[in-house]
Amino acid sequence: MDSLDEIKNFLNLDARLDLKAVALQYVQGLTGTDDGRLLLSQHPAILMSLISLTGDKCESIAKDACLTIVNISADEEGARALLKSANSIPTQDADSNCDIVATMMKYIMDPESSLADPACMILSNLTRPSANIEEVIELVQKCGYTLDQVVSVFTKQGFNKKGASLHYLGPVFSNLSQSVTFRRYLMDRDRCVIQRLLPFTEYEASHVRRGGVVGTLRNCCFDTDNHDWLLGPEVDILPRLLLPLAGPEEFSDEEMDKLPPELQYLSEDKCRETDPDIRKMLLEALIQLCAKQTSRELMRDRNAYLILREFHKWEKDRTVLLACENVVDILIRTEDEIGEDNIRNIPVPSDLHEKFQKMDEDFIKD
């Protein structure tokens, strides 16, 4: 701790540039190990200094400070400490802003900021621990930006003039959508938020953005009360979940007519989602949408099984195959066989639950 206390004197905006660079390089080096990151997370004065240095007039110093915070925030202890740091000790500079969320939001929302992408990564790390989510939502709204504005910069191509992609806002939304508060916002009938995210399930330029949006949609599908709306014409989520799983297969005219228009007559070079984690999340969203009888019947009427049948022939990843089989198993059964409107109400006997869990584990190991 003594060495960090000493080096802190060189981690401020007014320090000599050469000394500041050396001190920052030392701290950044500490983030390369678990012990180093833990040590820094226990030193709020250093954390405050790093946040402050992201505003340094020397661009290389500001970027290095941001990347150092990215590394620290990757650990849950570091993320929690960064959120607490602004209130841990008093700051002598009344104009200094050491609120990590407000500072990162300032960079993200500034179209001229060269720090927007690392700021998005930091926000993604801060929201990964579920215990932080509600606090971050509150802090975002307190710092003068609405959630609508954040969604707007994410969906507007070329918003940042310095070349920042803002792709990591996708995982931020996915993390935040674990919260009922954020899901309520996403599925506000008057805002049309979720509809603006749907096109990114096929966004080829970034698996980070694509995966973040798919994770967000999957989390929204956990809210059974919204299934009719999600599957209905206002959102029409089913084609957006199935399209990344669809390939170039040809079907009979009768089979094709039952598919949603977006899934009909796909080109010969149509490729499926390349990331197995994203494919698994798409299937997890579909399994959630199978909860109610009305939803299951709609999915059958729109021939979802046809896409999943061909997908199952193509898929090689065992965990994704298992997820696909879980969906197919429900769709091919009759409602009499299911015997319940909402399958979440069907209790699973403890002995069967243990048996299924072991079967899943054995299947994955094979």
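**Where is Asp 257?**

In which helix is Asp 257 found? Asp 257 sits in helix H17, which covers residues 253–258; helices here are DSSP runs of H or I with at least four residues, and strands are runs of E with at least two, numbered from the N terminus. At 56% relative accessibility, Asp 257 counts as exposed (buried means under 20% relative accessible area, exposed over 50%, and partly exposed in between, with a 1.4 Å probe and protein chains only).

**About the model**

Please keep in mind that this is a predicted model, where local features need pLDDT of at least 70 and side-chain atom pairs count only at pLDDT 80 or more, while totals for chains, interfaces and linings use all residues. Residues are numbered from 1 along each chain as its sequence is written, and side-chain values use heavy atoms, with hydrogens and water left out.

**Overall picture**

The protein has 23 helices and zero strands. Of its 366 residues, 50% are buried. The accessible surface is about 17900 Å², and carbon and sulfur atoms hold 49% of that; these areas come from the Shrake-Rupley method with a 1.4 Å probe, and for residues only the protein chains shown count as cover.

Contacts (heavy atoms within 4.5 Å) also deserve a look. Taking those between residues at least 6 apart in sequence, 70% join residues at least 24 apart.

**The nonpolar core**

The largest nonpolar core holds 107 residues. Such a core is a set of buried Ala, Val, Leu, Ile, Met, Phe, Trp, Tyr and Cys residues joined through side-chain atoms within 4.5 Å. The members that touch the most others are Val 101, Ile 108, Leu 169, Ile 237, Leu 283, Leu 286 and Leu 308.

Take Ile 108 as an example. Leaving aside residues up to four places away in sequence, Ile 108 touches Ala 116, Ala 119, Cys 120, Leu 123, Val 153, Phe 159, Leu 166 and Leu 169.

**H5 and its two partners**

Helix H4 (residues 44–53) packs against helix H5 (residues 59–73) at an angle of about 135°, with the axes 8 Å apart. Axes are lines fitted to C-alpha atoms, for helices over the stretch in contact, and angles run from 0 to 180 degrees between N-to-C directions. H4 is therefore oblique to H5 (under 35 degrees counts as roughly parallel, over 145 as roughly antiparallel, 65 to 115 as roughly perpendicular, and the rest as oblique). On the H4 side, the contact includes Leu 47 and Leu 50, and on the H5 side Ile 61 and Ala 65 are among the residues involved. Nine of the 10 residues of H4 are buried, so H4 is largely enclosed by the rest of the structure; Met 48 and Ser 49 are among the buried ones.

H5 also packs against helix H8 (residues 116–127), at an angle of about 20° and with the axes 9 Å apart. The two helices are therefore roughly parallel to each other. Their contact is made by Cys 66, Leu 67, Ile 69, Val 70 and Ser 73 of H5 with Pro 118, Met 121, Ile 122, Asn 125 and Leu 126 of H8.

**Two residues with positive phi**

Asn 303 is not a glycine, yet has a positive phi of about 60°. Asn 303 lies in the loop between helix H19 (293–301) and helix H20 (304–314), and at 12% relative accessibility counts as buried.
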